[in-house]
Amino acid sequence: MRGKTGSPAFDSREVIAGLRLEAEPLVWAVFRGKGRFLRGVCGRFRSSAGLLDSIYLAWLKLTGSLAACGEIGNCEAVNSSSYAEVAGVPVALLGALGYVAILALLLLEVRIEAGRGVLHLAQFGFTLAGTMYSAYLTHVEIAILRAICPYCVVSAVIMTALWIISSVRLWRLA
């Protein structure tokens, strides 16, 4: 098939099919157990990134510093709101503790063979709670505060990704 100019027509379906053939073995290797090391590294990397993000936000809250948001969002409106604390404790600090717990569970999983099912269940619980609370806080940002903090969005995305991964891993154990 040729285009109007006489050159071969571009068929996006062929490109997508080619990409799928290239990526599919890696995806199946990761989710079928052959990529256990890769999954563990990805989970630890995501947990560490979320921990750093939460530590930064907690530091901003505790020191009263201004966030480096630039023109992207309104971090100050979010971080100085009444929703940024629970019983006087910064929400970001609670998030950092959650990421520490998830990271500890991921590191324990490497060392403990017998209790993996319990560790997977605990990871699922922590990530589910974190995802639900992140969803609530995102709703507060959008609907009530009408301001978005990009660092909060990054944390929510990371926690959601960790929850999806832990859900898949728990489902595979069943």
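Modeller: In this predicted model, the lining of the largest pocket consists of 28 residues, and those nearest the pocket's centre are Val91, Ala92, Gly95, Tyr133 and Leu137. The space within this pocket comes to about 560 Å³. Sorted by class, its lining has 18 nonpolar residues, nine polar ones and one charged residue. At least two lining residues come from each of helix H2 (36-63), helix H3 (75-79), H4, H5 and helix H6 (150-173), and of these contributions that of H5 is the greatest, at 10 residues.

Turning to the pair H4 and H5, the axis of helix H4 (residues 91-111) comes within 10 Å of the axis of helix H5 (residues 116-145), and the two cross at roughly 160°. An angle over 145 degrees counts as roughly antiparallel, which means that H4 is roughly antiparallel to H5. The crossing of the two helices is left-handed. On the H4 side, the contact is made by Val91, Ala101, Ile102, Leu105, Leu106, Leu108, Glu109 and Val110, while H5 brings Arg116, Leu119, His120, Ala122, Gln123, Phe126, Thr127, Tyr133 and Leu137. By class, the residues of this contact comprise 12 nonpolar, three polar and two charged.

The pocket and the helix contact can also be read together: Val91, Tyr133 and Leu137 are among the residues nearest the centre of the largest pocket, and these residues also take part in the contact of H4 with H5.

Conventions: Residues numbered from 1 in each chain as written. Predicted model: local features only at pLDDT ≥ 70, side-chain atom pairs only at ≥ 80, totals over all residues. Heavy atoms only, no water. Axes fitted to C-alpha atoms, helices over the stretch in contact; angles between N-to-C directions. Helix = DSSP H or I, 4+ residues; strand = E, 2+ residues; numbered from the N terminus. Parallel < 35°, antiparallel > 145°, perpendicular 65-115°, else oblique. Left-handed = near helix turned anticlockwise from the far one by under 90°. Contact = heavy atoms within 4.5 Å. Nonpolar A, V, L, I, M, F, W, Y, C, P; charged D, E, K, R; others polar. 1 Å grid on protein atoms, 1.4 Å probe; cavity = no way out; pocket = protein on both sides within 12 Å on 5 of 7 lines; lining within 4 Å. Points joined across faces, edges and corners; volume = space filled by probe spheres on them.
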